[in-house]
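I would like to walk you slowly through one structure, so please have the sequence and the picture in view while I talk.

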Amino acid sequence: MDFNDTPEEAAFRAEARAWLEANAELADPHETTRNLLSEREDPATIAEAQAWQKKKAAAGWTCITWPKQHGGRGGTPIQQVIWNQEEAKFKTPPNIFAIGLGMLGPTILTHGTEDQIARYIPKMVEGSEIWCQLFSEPGAGSDLAALRMSATRDGDDWSLNGQKIWTTGAQFSRWGMIVTRTDPNVSKHAGLTYFIVDMKSPGIEIRPIRQINGGSGFNEVFFNDVRVPDGNRVGAVGDGWKVAITTLMHERASIGSGSGRGTFKDLLRLARETQIGGRPALEDSTVRQKLADFYIAQRGLQYTSYRTLTALSRGQTPGPEASIGKLVGAPLNQQMASFACDLQGATGALSDPAAAPQEAAWQDQFVSAPGLRLAGGTDEILRNIIAERVLRLPPEPRLDKDVAFRDVPTGPANA
Ligand SMILES: Cc1cc2nc3c(=O)[nH]c(=O)nc-3n(C[C@H](O)[C@H](O)[C@H](O)COP(=O)(O)OP(=O)(O)OC[C@H]3O[C@@H](n4cnc5c(N)ncnc54)[C@H](O)[C@@H]3O)c2cc1C
């Protein structure tokens, strides 16, 4: 493992830094950036994020690893990481394009037709069209292949009926990517087909879900005879699982790279500025012990992520062990936020940015963090992945693997 930039990486970092200095304002490391998870769907935030994305795209600083002909920079994964590190030092709007650019764009580039690539990718890269991922359903989350959204062929179109849920950003997305069941007579993974869906289509009803953090980041989306042209199919009929796996592999990689916003530095500053018994909390031995635990866990995560970076730097693909980052990082965000709220005493219960330290960012993280332990694979599913694919322990029994989907028991009524 080598932690230093190679001469080429250092030159790339300097170039990125120079562009950022000319186009954005450096963030004050002693100031918490107001970039709350609960405010991402605010129209002003979306407009600001789109303007920043457009500026980056015009200068070739988005999608660093994508081929130049598709709006990327033709760079390496390590260059993408360097760009992310440098951009994080500047005051920039939240990245609301992660689902499109991190997961759906790569899926279209891998499985899409030339027409689909030409129509959708440029607008996705410049941020003028936002995308959402319509995978989860009330009865299909961890077990995604159990989904029931039906797609029936009707002339040149397909008719979609059913319900999706937890669809992040559906309310402001122009396009969505959806997995449907086109054949219930074969086993559950074999009967799926993947489509691009126009979110403005008649028959789509989007109901935002109010969350505990005050925001409505995700939605229920109902489909009632929604017509999707066959030209919007991605991959062959019945090949939807293969296409969805491409999306999911990119999802885990992008979420695994860390989504929490409270840093150890912010927590340390809070402990300096908060008092216990008239003395800075930082002087309290229990507080110091807790801070030491968090510091050790964060450093452990950082060095584990360097393993992934080293693999990327050598042109290798990181394996399922990258799941460790999310499995440890997401609960750590939650524990740090809980501790930060405790440190604030009664103020810890106030979510008003004007009343609580650091603009109530820790309160926001406290109520948002549990969701990050579910999104993109729950803690238990990540443990299963590590057990089966890293430690090579025996797999879970999968009784529905070779059964036609319509014959899979769904509850007492069918038992
Ligand atoms: C913030 C957020 C954003 C999201 N955004 C999107 C989005 O944009 N698009 C989208 O399609 N989905 C989205 N999701 C949904 C997310 O993918 C699912 O919540 C997740 O896959 C879990 O599915 P589920 O909620 O149906 O829980 P279930 O799968 O019903 O799980 C319930 C519980 O059972 C446990 N469990 C399930 N199976 C096993 C097993 N085999 N072994 C051990 N334990 C098990 C789980 O760990 C969990 O604790 C989002 C979720 C969140 C929280």
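Predicted model: local features only at pLDDT ≥ 70, side-chain atom pairs only at ≥ 80, totals over all residues.

Let me begin with the ligand, which lies between domain 2 (131–244) and domain 3 (258–390), because both of these domains give residues to the shell around it; the domain bounds come from an automatic or database domain assignment. Residues are numbered from 1 along each chain as its sequence is written.

Which residues come nearest to the ligand? Of the 19 residues around the ligand, those are Phe135, Gly141, Ser142, Thr168 and Thr378, where a residue is taken as near if its C-beta atom, placed from the backbone, lies within 6 Å of the molecule. Two or more residues of this shell come from each of strand 3 (131–134), strand 5 (157–168) and helix 11 (379–390). Sorted by class, the shell has eight nonpolar, nine polar and two charged residues, with Ala, Val, Leu, Ile, Met, Phe, Trp, Tyr, Cys and Pro counted as nonpolar, Asp, Glu, Lys and Arg as charged, and the others, Gly among them, as polar.

Now let us step back to the chain as a whole. The protein chain has 11 helices and 12 strands, and these are DSSP runs numbered from the N terminus, with helices being H or I over at least four residues and strands being E over at least two. The domain assignment also gives a domain 1 (7–96), and the centres of domain 1 and domain 3, taken over C-alpha atoms, are separated by 23 Å. Along the principal axes, the C-alpha atoms fill a box of roughly 75 × 50 × 45 Å. For 415 residues, a compact globule would have a radius of gyration near 22 Å, and the 23 Å of the protein chain agrees with that; the radius is taken over C-alpha atoms, and the globule rule is 2.2 Å times the number of residues to the power 0.38.

How many of the 415 residues, as a percentage, count as buried? The figure is 35%, where buried means that 20 or more other C-beta atoms lie within 10 Å of the residue's own, exposed means 12 or fewer, and partly exposed is in between, with the C-beta atoms placed from the backbone. Among contacts between residues at least 6 apart in sequence, 72% join residues at least 24 apart, a contact being two residues whose C-beta atoms, placed from the backbone, lie within 7 Å.

Let me turn to some single residues. Most residues other than glycine have a negative phi. Cys63, however, has a positive phi, near 50 degrees, and sits in the loop between helix 2 (43–58) and helix 3 (77–87). Is Cys63 buried or exposed? Cys63 is buried, because 26 other C-beta atoms lie within 10 Å. Glu359 likewise has a positive phi near 50 degrees, and its place is the loop between helix 9 (323–343) and helix 10 (361–372), but Glu359 is partly exposed, with 18 other C-beta atoms within 10 Å.

In helix 9 we find Ala330, which counts as buried because it has 26 C-beta neighbours inside 10 Å; leaving out residues up to four places away in sequence, Ala330 touches Ala369, Leu372 and Arg373. Val390, in helix 11, is partly exposed with 14 C-beta neighbours inside 10 Å. Pro320 is 70 residues from Val390 along the chain, yet their C-alpha atoms are separated by 6.6 Å, and Val390 is in contact with both Pro320 and Glu321, its neighbours within four places in sequence being set aside. Arg210, in the loop between strand 8 (204–208) and strand 9 (218–229), is exposed, with 8 other C-beta atoms within 10 Å.

Finally, a word on confidence. The mean pLDDT of the protein chain is 90, and 92% of its residues reach 70 or more, pLDDT being the predictor's confidence in each residue, from 0 to 100. Over residues 256–260, however, the pLDDT is below 50, and this stretch has 12 contacts in the model beyond near neighbours in sequence.
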